[in-house]
Amino acid sequence: MAWLRKFVGAALVLGAAGAAAGWLLSAPARLDAATLAQLGPGDAARGKRIFYAGGCTSCHAKPGSQGDARLQLVGGLELKTPFGTFVPPNISQDPKDGIGAWSVGDLANAMLKGVSPSGEHFYPAFPYASYARMKPPDIADLYAFLKTLPAVAGKAPDNSLAFPFNIRRGIGLWKRLYLSDQPVIALPDGTPEPVLAGRYLVEGPGHCGECHTPRDFAGGTQKGQWLAGAVAAEGSGVVPNITSGEGGIGSWSASDIANYLETGFTPDFDSVGGAMVDVQRNMAELTADDRAAIAAYLKAVPPHPNGYPARKSAN
Amino acid sequence: MGKLVIAISMLAVTVSAAFADPILDRQALMKERGKLVGGLSKVVKGEEAFDAAAVLTQLQALQANAEKFDVEALFPKGSDTGDTTAAPKIWEDMAGFKAAEDKYLADVKAAVAAAPADVDALKAQIGVLGSDCGTCHQGYRVKKG
């Protein structure tokens with residue numbers, strides 16, 4: 001039985017080493033001083049644009065809010081996904097229930113690194129895997145704008161997740177796979193400025209890829225099918241392919257895309273639907289130049305066929 | 001514009017032919033609604049010249065379409081399966097669905113009553129109607145690919 005004892009011993013040592021390595025590799029990493037120094041003073045007027053580009057209110061407003069109530073960022077929406085139910089928290093200026101006590105560095109660490117002020121990982125249902133591509137000064141501007149919004153008391157319920165997704169520390173490993181501040185789509189030198197601006201808006205604050213790109217088994221976006229459409233994380237539907245590939249929006253002109261983002265009407269006279277309704281309302285708050293930039297980028301991304309299975313014939 | 005009005009009238013005739021299948025029936029009404037709004041959108045975008053009389057005709061067609069949209073007849077129990085993108089929420093929250101449709105009808109009637117005299121006036125009305133489209137399609141429709 002000596003071999004067995006040796007084997008068990010080796011397994012224990014390896015297991016402990018693995019656990020230690022896993023613990024180290026999963027440690028929350030904050031921004032370095034050089035990045036924090038780039039934040040700058042922030043400007044609320046500019047931050048308003050980032051707020052709408054980032055779609056904060058779609059998840060953090062009280063569910064069903066309309067008009068100015070969408071600026072009361074009390075949280076509480078339930079995102080029912082295969083991993084469990086995520087509940088976006090209160091990010092109003094309430095110092096106790098919201099983020100009124102956060103510094104600009106706290107917001108930057110949350111958005112660019114997915115780390116809370118107390119040093120815990122946030123779940124990537126909060127789309128920091130996209131926000132990580134944002135420029136630090138834009139975070140400072142957003143911070144200044146958030147400061148102008150009301151404080152609303154009230155804690156949203158906790159997430160309710162299945163094992164092993166309920167182990168926050170494990171997100172550290174997920175981040176090693178999927179968290180990057182680099183662009184998804186490499187664009188050649190000489191790419192027109194609107195396309196570059198659109199890439200920033202779509203891949204960064206707009207976090208379009210979070211819903212429009214299929215995910216792998218671990219919940220990371222599959223960059224090889226970027227924006228190809230996906231089975232919806234919530235409910236039974238699909239999120240459309242927004243590349244020019246088969247099933248996508250290749251027949252839409254750039255101005256069709258920009259017009260859709262402004263008015264909610266598709267070129268074939270349908271209207272925006274589902275979760276995109278709130279997104280479109282946010283996009284309507286941007287400038288015509290920003291919407292044109294998003295359209296220019298979407299026309300430039302590599303075409304893919306639909307990233308979701310064909311609809312089963314119902315008849 | 002003239003051609004469009006004729007096309008719409010023909011479409012309306014097609015639609016008014018009774019269908020046995022409520023799914024086909026409601027889809028036909030929705031398609032007609034989309035075409036009408038689409039025609040008006042072209043005017044808003046400046047792709048078609050603004051003609052107050054033609055715009056009013058289209059708005060009236062939109063009202064007729066909305067008045068035909070009898071939620072109870074078009075969404076009977078059991079018509080949630082098959083080739084439809086109607087969301088289960090319609091039957092879970094029939095009152096909310098009806099209220100959304102009623103608001104749309106009221107807004108269409110208001111647009112007809114306002115009889116837009118220029119592009120800006122039309123744009124404002126279409127903005128309201130577009131928002132109504134979104135409200136219903138947000139919760140009561142599921143994209144199935």
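Mentor: Start with a term. A residue is buried if 20 or more other C-beta atoms lie within 10 Å of its own, exposed if 12 or fewer, and partly exposed in between, with C-beta atoms placed from the backbone. Of the 145 residues of chain B, 32% count as buried. This is a predicted model, in which local features need pLDDT of at least 70 and side-chain atom pairs count only at pLDDT 80 or more, while totals for chains, interfaces and linings use all residues. Residues are numbered from 1 along each chain as its sequence is written, and chains are lettered from A and ligands numbered from 1 in the order in which they are written.

Chain B is our part. It has seven helices and zero strands. Helices (H or I, at least four residues) and strands (E, at least two) are DSSP runs, numbered from the N terminus. Along the sequence the pattern reads α-α-α-α-α-α-α. Two residues are in contact if their C-beta atoms, placed from the backbone, lie within 7 Å. Take the contacts in chain B with a separation of 6 or more: 74% of them join residues 24 or more positions apart.

Now one helix pair. Helix 3 (residues 52-68) and helix 6 (residues 94-114) of chain B pack at about 155°, with axes 9 Å apart. Axes are lines fitted to C-alpha atoms, for helices over the stretch in contact, and angles run from 0 to 180 degrees between N-to-C directions. The two helices of chain B are therefore roughly antiparallel. Angles under 35 degrees count as roughly parallel, over 145 as roughly antiparallel, 65 to 115 as roughly perpendicular and the rest as oblique. Helix 3 of chain B contributes Leu59(B), Gln60(B), Leu62(B), Gln63(B), Ala66(B) and Glu67(B) to the contact. From helix 6 of chain B come residues including Tyr104(B), Leu105(B) and Val108(B). By class, the contact of these helices has eight nonpolar, two polar and two charged residues. Here Ala, Val, Leu, Ile, Met, Phe, Trp, Tyr, Cys and Pro count as nonpolar, Asp, Glu, Lys and Arg as charged, and the others, Gly among them, as polar.

Tyr104(B) leads on to Asp132(B). Asp132(B) lies in helix 7 of chain B. It is buried, with 20 other C-beta atoms within 10 Å. The C-alpha atoms of Asp132(B) and Tyr104(B) are separated by 5.8 Å, though the two are 28 residues apart along the chain. Leaving out residues up to four places away in sequence, Asp132(B) touches Lys103(B), Tyr104(B) and Asp107(B).

Next, the partner. The contact between the chains takes 18 residues from chain B and 23 residues from chain A. Helix 2 (22-44) and helix 7 (119-139) of chain B each supply at least two residues of the side that touches chain A. That side of chain B has three nonpolar, nine polar and six charged residues.

Chain A has a helix pair to set beside ours. Helix 11 (residues 254-263) and helix 13 (residues 288-300) of chain A pack at about 130°, with axes 8 Å apart. That makes helix 11 of chain A oblique to helix 13 of chain A. Ile257(A) and Leu261(A) are among the residues on the helix 11 side, and Ile294(A) and Leu298(A) are among those on the helix 13 side. This contact in chain A has nine nonpolar, no polar and three charged residues.
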